[in-house]
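Hello,

Here is the model I promised to pass on to you. Could you have it open while you read my notes below?

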Amino acid sequence: MRLDYLSIFPGYFDVLGISLLGKAAVNGLVDVYAHDLRDWTHDRHRTVDDTPCGGGAGMVMKPDPWGEAFDEIIGTEPDPSVHVVFPSPSGEPFTQSVAHDLSSVERIVFCCGRYEGIDHRVIDYARSMWTVHEVSLGDYVLNGGEVAALAITEAVVRLVPGFMGNPQSLAEESFSAGQDGLLEYPLFTRPVSWRGLDVPEVLMSGHHGRIAKWRRDESIRLTRERRPDLTDSDVSARH
Ligand SMILES: CN1CCCC[C@@H]1Cn1ccc2ccc(-c3n[nH]c(N)c3C#N)cc21
């Protein structure tokens, strides 16, 4: 998998050389390339923004640098196998399902906007050439797309076959398929007693059936308390 990042702050992506992602890069599972959008400007100030047409506050990212960067980094021929991700507060929700879909893609280009956002023609042009995903991390406002691109990267790459040491751990996570859209149950490890707080006895019983039931019940309880939006009528009936 090749990952490209276009940003006026490419240093954000230095972190991708650390921890598991660094290991994936070493193992050849993932190739990471960060690009400074200003490298495709031609004025002394390396300008990437301008005032919004129609007025309004703030500045908008000019289309020209993006187009020239696309030409050099991706190419000038349409190729639907290239997936271009635009993090945006007005994007579709980024979910585990989207992460799963992207984990089987060979090439992803992240376009990280700043200011008020990117001239919309950049997104329209990208849609005419590649497979585009305009996605939002959640209902809060960030200052740009870089942090979202990092979060999306981690969510996607950890699903790439061969990346995680124990793929079984993926199967048991919240939001993964087969968990019925339930939140993960509470986790415990040794010591059994810590500052007057004990591990639930059932988890020390060695009775796998009871442990499985306790965990399911806890997942249902937590999901109903914290994320009623995740429990549809069928799921509630089944629980
Ligand atoms: C603050 N400033 C004026 C208001 C509109 C946003 C803008 C900043 N900004 C520019 C590019 C850009 C991309 C993503 C996001 C973003 N915010 N929240 C999310 N869940 C995001 C995603 N994914 C914010 C961005």
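Glycine 117 touches Met59, Val60 and Met61 once residues up to four places away in sequence are set aside, where contact means heavy atoms within 4.5 Å. Glycine 117 sits in the loop that runs between strand 6 and helix 4; helices (H or I, at least four residues) and strands (E, at least two) are DSSP runs, numbered from the N terminus. With a relative accessible area of 21%, glycine 117 is partly exposed. On that scale, buried means under 20% relative accessible area, exposed means over 50%, and partly exposed lies in between (1.4 Å probe, protein chains only). Between the C-alpha atoms of glycine 117 and glutamate 218, which are 101 residues apart along the chain, the separation is 42 Å.

Before you go further, please note that this is a predicted model: local features need pLDDT of at least 70, side-chain atom pairs count only at pLDDT 80 or more, and totals for chains, interfaces and linings use all residues. Residues are numbered from 1 along each chain as its sequence is written, and side-chain values use heavy atoms, with hydrogens and water left out.

Now the overall layout. The protein chain holds eight helices and nine strands, and 42% of its 239 residues are buried. It is divided into domain 1 (2–158) and domain 2 (167–230), with bounds that come from an automatic or database domain assignment. Taken over C-alpha atoms, the centres of domain 1 and domain 2 are 36 Å apart. Of the contacts in the protein chain with a separation of 6 or more, 73% join residues 24 or more positions apart. The chain exposes about 13800 Å², and 53% of that is supplied by carbon and sulfur atoms; accessible areas come from the Shrake-Rupley method with a 1.4 Å probe, and for residues only the protein chains shown count as cover.

Next, the interior. A nonpolar core here is a set of buried Ala, Val, Leu, Ile, Met, Phe, Trp, Tyr and Cys residues joined through side-chain atoms within 4.5 Å. The largest one has 27 residues, and those touching the most other members are Leu3, Phe94, Leu102, Ile108, Phe110 and Val156. At least two residues of this core come from each of strand 1 (2–7), helix 3 (96–102), strand 6 (107–111) and helix 5 (146–157). Helix 5 gives the largest share, six residues. Apart from this core lies another, of 23 residues, including Ile8, Met61, Val84 and Val109. As for phenylalanine 94, its contacts beyond four places in sequence are Ala99, Leu102, Val135, Ser136, Leu137, Ile152, Ala155 and Val156.

Strand 1 deserves a look too. Five of its six residues are buried, so that strand 1 is mostly covered. Strand 1 pairs in the parallel sense with strand 2 (residues 31–36) over six bridges, and also in the parallel sense with strand 6 over five bridges; two strands count as paired if DSSP finds at least two bridges between them. Leucine 3 has valine 32 as its bridge partner in strand 2, while leucine 6 stands opposite cysteine 111 in strand 6.

Which residues of helix 2 (residues 63–73) are buried? They are Pro65, Trp66, Ala69, Phe70 and Ile73. These residues lie on the same side of helix 2 because they cover an arc of only 135° around the axis, the arc being that of the directions from the helix axis to the C-beta atoms. The buried residues of helix 2 pack against strand 1, strand 2, strand 4 (60–61), strand 5 (82–93), strand 6 and helix 4 (120–129). Just after helix 2, glycine 75 takes a positive phi of about 125°.

Finally, some backbone details to check. Tyrosine 115 has a phi near 55°, a positive value in a residue other than glycine. Tyrosine 115 is found in the loop between strand 6 and helix 4 and is partly exposed, with a relative accessible area of 35%. Arginine 195 also has a positive phi near 55°; it lies in the loop between strand 8 and strand 9 (197–198) and is exposed, with a relative accessible area of 73%. The peptide bond from arginine 190 to proline 191 is cis, with omega near 5°, and proline 191 has its place in the loop between helix 6 (167–171) and strand 8 (193–194).

Best wishes
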